[in-house]
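Trainee: May I go through this structure with you? I would like to begin with the charged side chains.

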Amino acid sequence: MVEASDVLEDCKEILIDRGKQYGEARKLYAVTAALWAAYTGADIQSDDVCTMMSLMKVGRLSQGVDGPAMDDTFKDAINYLALARELN
């Protein structure tokens, strides 16, 4: 059985590791938002990018992802939503 507190601890470690790997989230998602806004012509903010990425992960889960990929996808979705909140 998976405990929510264990998932959140894993998510925190992943978030820290990704920060070391890719740099500051605020800068990364600001650049991504600007690129998406230019491509779509829509007003897209950094927190929108994170929210939409979490929705992509939910879409992946809806396709029946299982095993380790399912675990990773849940954790990615959780972290994207946490970042959306931070950047909002």
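Trainee: Is Lys75 buried or exposed?

Mentor: Lys75 is buried, as its relative accessible area is 7%. Buried means under 20% relative accessible area, exposed means over 50%, and partly exposed lies in between (1.4 Å probe, protein chains only). Please note that this is a predicted model, in which local features need pLDDT of at least 70 and side-chain atom pairs count only at pLDDT 80 or more, while totals for chains, interfaces and linings use all residues. Residues are numbered from 1 along each chain as its sequence is written, and side-chain values use heavy atoms, with hydrogens and water left out.

Trainee: Which residues are linked with Lys75 in a network of salt bridges?

Mentor: Asp10 and Asp71 are linked with Lys75 in such a network. A salt bridge here is a side-chain nitrogen of Lys or Arg within 4 Å of a carboxyl oxygen of Asp or Glu. For Asp10 and Lys75, the closest N and O atoms are 2.8 Å apart. This pair links distant parts of the chain, since Asp10 is in helix α1 and Lys75 in helix α4, 65 residues apart. Helices are DSSP runs (H or I, at least four residues), numbered from the N terminus.

Trainee: And where does Asp71 lie?

Mentor: Asp71 lies in helix α4, as does Lys75, and the two are four residues apart, about one turn of the helix. Their closest N and O atoms are 2.9 Å apart. Asp71 is partly exposed, with a relative accessible area of 32%. Asp10 is also partly exposed, at 32%.

Trainee: How many salt bridges does a search of the whole structure find?

Mentor: The search finds three. One of them joins the side chains of Asp76 and Lys57, at 3.0 Å from N to O. Asp76 is in helix α4 and Lys57 in helix α3 (residues 46-61), 19 residues apart. Lys57 is buried, with a relative accessible area of 8%, whereas Asp76 counts as partly exposed at 23%.

Trainee: Changing topic, what does the side chain of Asn79 reach?

Mentor: It reaches the backbone oxygen of Cys11, at 3.1 Å. Asn79 is in helix α4 (residues 68-87). Asn79 is buried, with a relative accessible area of 8%.

Trainee: Lastly, where is Glu3 placed?

Mentor: Glu3 is in the segment before α1 (4-22). Glu3 counts as partly exposed, at 41% relative accessibility.

Key:
A polar contact is a pair of N or O atoms within 3.5 Å; within protein, one must be able to donate a hydrogen and the other to accept it, and residues adjacent in sequence count only if both atoms are side-chain atoms.
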